[in-house]
Amino acid sequence: MENKLKLKSLFIFDVEGVLMDSVDRPRPVAGALKLLDRLEAMGKKLHILSNVSRKSRRWIVEILRQQGFKVASDNITTASSATASYLRAWKPQARCFLIGEEGLVEELSAAGLELVEEGPADAVVVAVDRKVTYQRLNHAMKLVKSGARLVCAGPNPVFRGVFEGEEGYFLGGKALCEAIAVASGTPPKYVGKPYPEVFEQVLERYGTKPDGAAMVGDKLETDVLGAKISKIFSIYLTRESLGPKLSWGILPDLVVKNPEELLTLLE
Ligand SMILES: [Mg+2]
């Protein structure tokens, strides 16, 4: 197992729960910085792959750099940046109606997509939005019924964060998008983990085959499942006991309690 791990040339990291607590309260995870520094010293390629949509890559990179991580915008893919790439490849000047927070707005604008509030739209892009109104959801449903493509940036049903002083679980982008999907009778296009496109993009960027890569994440249904679908070695970082979660039927290749434990296996 350890030898297999040492042979991997590309390590893909999730952000929330792996490098920092959450983008709403970005406290570093103990041992993560040391692990990434060590991997870099070993000549490994590192990439960050996150389903976060509510903050931009620019913002996440800035916070990680403040915490001592040596990362650049090129080394990170978020659900919002992947969605922007997907939309640009489909229709470079697509008119998009957004349900999402600042990260989604920033990434799509930076990609040259047109953000529309009124009138027709080519795409309705749905991500986490903790200020969404019934009116906006309804407008989105009408646009999709009129032919706009429904795209979900970051297919998490729920996520853990902090909002207006409240810490806990919040409705994820998938939950909001499903509301529109059900009402309009249109299945969404999901962009993010566990879907294979984002993993394929990362492997292609580094010229790495699936068996040369490892994914480190704290969610079975996105990080571990996504890695398994894409035939990438999956490392599940969990502080909880694995018992009840194994009933999901998603078996990681390796389970570690914290970044330090992973570091010991690599030494
Ligand atoms: Mg996570």
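Reply: Start with a contact list: leaving out residues up to four places away in sequence, I235 touches L5, A214, M215, V216, G217, L254, V256 and L262, where contact means heavy atoms within 4.5 Å. This is a predicted model, in which local features need pLDDT of at least 70 and side-chain atom pairs count only at pLDDT 80 or more, while totals for chains, interfaces and linings use all residues. Residues are numbered from 1 along each chain as its sequence is written, and side-chain values use heavy atoms, without hydrogens and water.

Me: Why is D14 called buried?

Reply: Buried means under 20% relative accessible area, exposed over 50%, partly exposed in between (1.4 Å probe, protein chains only). D14 has 7% relative accessibility, so D14 counts as buried.

Me: Why is the aromatic pair of Y190 and Y195 called stacked?

Reply: Rings of Phe, Tyr and Trp (its six-membered ring) pair if their centres lie within 6.5 Å; planes under 30 degrees apart count as stacked, over 60 as edge-to-face and the rest as tilted. Y190 and Y195 are 5.3 Å apart centre to centre with 15° between the planes, so the pair is stacked.

Me: What makes the pair of F163 and F170 edge-to-face?

Reply: The centres are 6.3 Å apart and the planes 90° apart, so this pair is edge-to-face.

Me: How do you know that the charged end of K174 sits over the ring of Y190?

Reply: The criterion is NZ of Lys or CZ of Arg within 6 Å of the ring centre and within 35 degrees of the ring normal. The charged end of K174 is 5.4 Å from the centre of the Y190 ring and is listed as sitting over it.
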